[in-house]
Amino acid sequence: MAADVADQNKALGTLTKRSEFLFVREGAYSAKGAVVIQCRANPAHDRVRYGITATKRIGNAVTRNRAKRRLRVVARTLLAELGRPGHDYVLIARDRTPVRDWSKLLEDARRALQSDALSGQGAP
RNA sequence: UCAGAGGGCCGGGCGGCCGCUUGUCGGCAUUUCGGUGCGGGCGAGAGGAAAGUCCGGGCUCCAGCAAAGCAGGAUGCCAGUUAAUGGCUGGCCGGGCGGUUUCGUCCGAGGGACAGUGCCACAGAGAGAAGACUACCGGGCUUGCCCGGAAAAGCUGAAAGGGUGCGGUAAGAGCGCACCGGGGGCGGAGUAAUUCGUCCCGUCACGGUAAACCCCAUCCGGAGCAAGACCAAAUAGGGACGACGUUUGCCGCGCUUUGUCGGUGUCGUUCGGGUCGGUCGCUAGAGGCGGCGCGCGAGCGCCGUCCCAGAUGAAUGGCCGCCACUGUGAUUAACCAUAUCGCAGCACAGAACCCGGCUUACAGGCCCUCUGACACU
RNA sequence: GGCCUCGUAGCUCAACUGGAUAGAGCAGCUGACUUCUAAUCAGCAGGUUGGGGGUUCAAGUCCUCCCGGGGUCG
């Protein structure tokens, strides 16, 4: 079973096209602290894929890139453990994302992923 | 030592854990021998502005190309520099500031207003080969008006048709003269812009505006790496090559004309293909560093040495510790200095084909030159 | 990344070839009318013309540099 988790980690995919982001936008949603996470089951594959969004509202190119790098590390650390196969995740940066304490940012993302909407517990 | 001005340079450092992109070299597994997958060693990995996209080039493509003309755009003192420029360097001229002249420093879109046209509101008599409102002078008479002279005074305006003085006159006027200014000729210096000297011109006839139209000189084909080339699943127009024709018509990257050329037509042979996706273009270059020589300088020449980002929802990082810098608080000291501890801050900002400039943003630090003040010798 | 285009009152638009107080409608405020409101009438306020610099006697207009918004691409 541990080997399966490792395989999933290696198979972590990324969203690259605008249509894929729009697809996930129609799914479940949870906002905690300095991060917003969207999730939707994708029957086209059985891997865990993620994408990152940082809008122009949170700052210039340097600030946006910093937010995306931090969220990328968040995704790689947490989705190996909490990501459900066959689902696409989108992490959206907020104004506080580039300056949030690292431990608190991790906790924000963990709470969002473990919420009812995203963990599948309370979802219909 | 401090303050101000100008110019140039740098723009955090070290370490630990976990990662990303790329180059290269082994290993393991698999294979239809083309490769594919996994893991590892070593090396490299944002900027002075990578930005704005304001100029200039390289490069690529565009059935056009060449010549002439038109249209459009840009530039504008002179010389140099450069691949090129509207950049840069040096000089000339003009202006500001400082200073007794010499000089220093800063700024300047700085061709042409005797090629032509337009505009100069309001005010004012008059705004351009001008004019008579008030005032002035002469004459006339109906005694407060008319005719004439005049460009000196007033008024208005951003600007009033050379300025000052003397003579002159009815009053005045370059009407005459002197000086200053302006224009032209000749000569000297300088590559030139320009400058100096001298002579002549009172027929000095004519303000401003060309970032108004315009004229003159010079330069410019257009588009841009989403250029462009190749691979490639499904459906359709199709593409290439050869032969004939190439008379007319039509099309050909701003427009017209001329010349030339290509295509549009028919037949035959043959091959496949826009978009999605992928590969190439993609980084060795007007390159960096060092030395020598030439030049006032921008810069140029020679030699040696080095290889120095190539991503594509877009890598070049995430987290932590220490140091450096700045500010602040507490403790130690009678005060200052010093030392220790704590807290906060540490700019502007992210390559997207490449390069040379310009412009804009920017915490802090270092160096050079000049000016001023204070202290010491 | 490249290439175009536009900024005037809170909103929608004017301002002729540069010419002097930058206008109009809606919205806002005050008053009148009405028992009250709406409508109507009268009046008022509201502008660094996106910002800086320059040309000119004079700039919303002309030139230049920034700021912000929008569109487009094989």
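**View 1. K68 touches I52, A54 and A93, not counting residues up to four places away in sequence.** Two residues are in contact if their C-beta atoms, placed from the backbone, lie within 7 Å. This is a predicted model: local features need pLDDT of at least 70, side-chain atom pairs count only at pLDDT 80 or more, and totals for chains, interfaces and linings use all residues. Residues are numbered from 1 along each chain as its sequence is written, while chains are lettered from A and ligands numbered from 1 in the order in which they are written. K68 sits in helix α3. Helices (H or I, at least four residues) and strands (E, at least two) are DSSP runs, numbered from the N terminus. K68 counts as partly exposed because it has 16 C-beta neighbours inside 10 Å. The cut-offs: buried means 20 or more other C-beta atoms within 10 Å of a residue's own, exposed means 12 or fewer, and partly exposed lies in between, with C-beta atoms placed from the backbone. From K68 to Y50 is 18 residues in sequence and 12 Å in space, C-alpha to C-alpha.

**View 2. Chain A carries five helices and five strands.** Along the sequence they follow the pattern α-β-α-β-β-β-α-β-α-α. Of the 124 residues in chain A, 30% are buried. Take the contacts in chain A with a separation of 6 or more: residues 24 or more positions apart account for 78% of them.

**View 3. The surface near RNA strand B involves 18 residues.** A residue is near the strand if its C-beta atom, placed from the backbone, lies within 6 Å of it. The closest are R18, N60, A61, R69 and W102. α2 (18–25), β4 (48–53) and α3 (61–82) each supply at least two residues. α3 gives the most, with seven. By class, this surface has six nonpolar, six polar and six charged residues. Here Ala, Val, Leu, Ile, Met, Phe, Trp, Tyr, Cys and Pro count as nonpolar, Asp, Glu, Lys and Arg as charged, and the others, Gly among them, as polar.

**View 4. The largest nonpolar core holds 26 residues.** Such a core is a set of buried Ala, Val, Leu, Ile, Met, Phe, Trp, Tyr and Cys residues joined through C-beta atoms within 7 Å. V35, I37, L71, L91 and A109 have the most contacts inside it. β3 (35–41), β4, α3, β5 (87–93) and α4 (102–113) each provide at least two of the core residues. α3 gives the most, with six. In soluble globular proteins, nonpolar side chains tend to be buried together. With neighbours within four places in sequence left aside, L91 is in contact with V35, I37, Y50, I52, L71, V74 and A75.

**View 5. Helix α3 has 22 residues and reaches 30 Å from its first C-alpha to its last.** That is close to the 32 Å expected at 1.5 Å a residue. The expected span is 1.5 Å times one less than the number of residues. Buried in α3 are R64, A67, R70, L71, V74, A75, L78 and L79. Their cover includes β3, β4, β5 and α4. R70 is buried because 22 other C-beta atoms lie within 10 Å. R70 touches T97, P98 and L105, not counting residues up to four places away in sequence. R70 and G59 are eleven residues apart along the chain, and 15 Å separates their C-alpha atoms.

**View 6. Helix α4 has twelve residues and spans 17 Å from first C-alpha to last.** L105, D108, A109, A112 and L113 are its buried residues. They lie on the same side of α4 because they cover an arc of only 125° around the axis. The arc is that of the directions from the helix axis to the C-beta atoms. On the other side of α4, S103 and K104 are exposed. The buried residues of α4 pack against β2 (28–32), β3, α3 and α5 (116–119).

**View 7. G13 is in strand β1 (residues 13–14), and T55 is in the loop between β4 and α3.** G13 is exposed, with 12 other C-beta atoms within 10 Å. Leaving aside neighbours within four places in sequence, G13 is in contact with R47 and R49. T55 counts as exposed, with 11 C-beta neighbours inside 10 Å. T55 and A44 are eleven residues apart along the chain, with 28 Å between their C-alpha atoms.
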